[in-house]
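Colleague: I'd like to know where the labels on this model come from. Could you take me through them?

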Amino acid sequence: MSGSRVAAIVLRILYLYRGSPQRVFPIFVFVAVDIVLWGFLTRYLNSVSRADFNFVPALLGAVLLWDFLTRVMQQLTMALFEDVWSRNFLNFFATPLRTSEYLAGLLTISIITSFLSLIAMLAFAELAFGLSFFVYGVALAPFLMVLFLTGIALGITASALVLRLGPASEWLIWPIPMLVSPFAGVFYPIAVLPGWMQAVAMLLPPSYVFEGMRSVVAGNPPPWDRLAVGGGLALLYLALACWFFFWVHRLVIRTGLIARYSAETVG
């Protein structure tokens, strides 16, 4: 793998952002809207609830963590879509650029943009609603890492689907986080779900993160054993996602589908 080729992919996306500031706004604007909406909702719930329970870290904190996962996935797929929309995707693979180098470039730009978004989220939530994750110290890092790995796995899988089905399959990609969230227990304990949904939740790394964070917010020590299970699942899915992407790439090359890659479909 050539580091200069990976850097070239990253540099291209950074130049694109520099030349089109409007592409940068969604990274922060939609997050700010979510924080404002859920922040005032949690304040309202605190004011009308008679229970000795603070909804701000429970609900607004969950929104921040889920938005982080969503941004990681979307920033990776958006980098791919930029090449598709500009009709530049095929040009990359007419060069000596390897698939692994292209994918590494997308991963790098996703890391940069998603962590910039995370910093903005944490700063805005603390300034506007007094929600600070920094009180948890380094214990927060493993939770974020599991969500980050899961978001990367979802983004790579989504990119492979677009590569196989064509740009018209874009509408299949955006709802993925929404479809996963009911099973992940973002806003409620997994125990309230029916049995079959709990079985699915046990296969999803984010469910271990949100269950663990609720335990920490309640004043309990971090459940490192469950978090380790979530981390192991995230690594497994990341490996499977990379394998799936490379398999799809070889398939579209071998069958000639990539030569017919257009704005509609290659199916």
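**Labels and the values behind them**

Modeller: Let's start with helix 3, which gives the most to the lining of the largest pocket, with 6 residues. The model is predicted, so local features need pLDDT of at least 70 and side-chain atom pairs pLDDT 80 or more, while totals for chains, interfaces and linings use all residues. Residues are numbered from 1 along each chain as its sequence is written, and side-chain values use heavy atoms, with hydrogens and water left out.

Colleague: What makes something a pocket, or a residue part of its lining?

Modeller: On a 1 Å grid over the protein atoms alone, a pocket is an open set of points where a 1.4 Å probe fits, with protein on both sides within 12 Å along at least five of seven lines; lining residues have an atom within 4 Å of a point. Here 15 residues pass that test, and Trp66, Asp67, Thr70, Pro177 and Met178 lie nearest the centre. The elements giving two or more residues are helix 2 (25-48), helix 3 (55-85) and helix 8 (176-184). The volume is about 330 Å³, meaning the space filled by probe spheres set on the points.

Colleague: How do the lining residues divide into nonpolar, polar and charged?

Modeller: There are 9 nonpolar, 3 polar and 3 charged. Asp, Glu, Lys and Arg count as charged, Ala, Val, Leu, Ile, Met, Phe, Trp, Tyr, Cys and Pro as nonpolar, and the others, Gly among them, as polar.

Colleague: Why are helix 3 and helix 5 called roughly antiparallel?

Modeller: Their axes come within 8 Å and cross at roughly 150°. Angles over 145 degrees count as roughly antiparallel, under 35 as roughly parallel, 65 to 115 as roughly perpendicular and the rest as oblique, so helix 3 and helix 5 are roughly antiparallel. Helix 3 passes helix 5 in a right-handed crossing, and their contact has 17 nonpolar, 5 polar and 3 charged residues.

Colleague: What is helix 3 to helix 10, in the same terms?

Modeller: The axes of helix 3 and helix 10 (residues 205-217) come within 11 Å and cross at roughly 150°. That makes this pair roughly antiparallel too. Pro57, Ala62, Leu65, Trp66 and Leu69 of helix 3 meet Pro206, Phe210, Met213 and Val217 of helix 10, a contact with 9 nonpolar, no polar and no charged residues.

Colleague: Then why are helix 5 and helix 11 oblique?

Modeller: Helix 5 (residues 99-129) and helix 11 (residues 224-255) have axes that come within 11 Å and cross at roughly 130°. That angle falls among "the rest", so the pair is oblique. Thr99, Ser100 and Leu103 of helix 5 make the contact with Phe245, Phe246 and His249 of helix 11.

Colleague: Which residues is Phe55 in contact with, beyond its neighbours in sequence?

Modeller: Contact is heavy atoms within 4.5 Å. Leaving aside neighbours within four places in sequence, Phe55 is in contact with Thr42, Leu45, Asn46, Ser49 and Leu60. Phe55 itself lies in helix 3, and helices are DSSP runs (H or I, at least four residues) numbered from the N terminus.

Terms used: Axes are lines fitted to C-alpha atoms, for helices over the stretch in contact, and angles run from 0 to 180 degrees between N-to-C directions. A crossing is left-handed if the near helix is turned anticlockwise from the far one by less than a right angle, and right-handed if clockwise.
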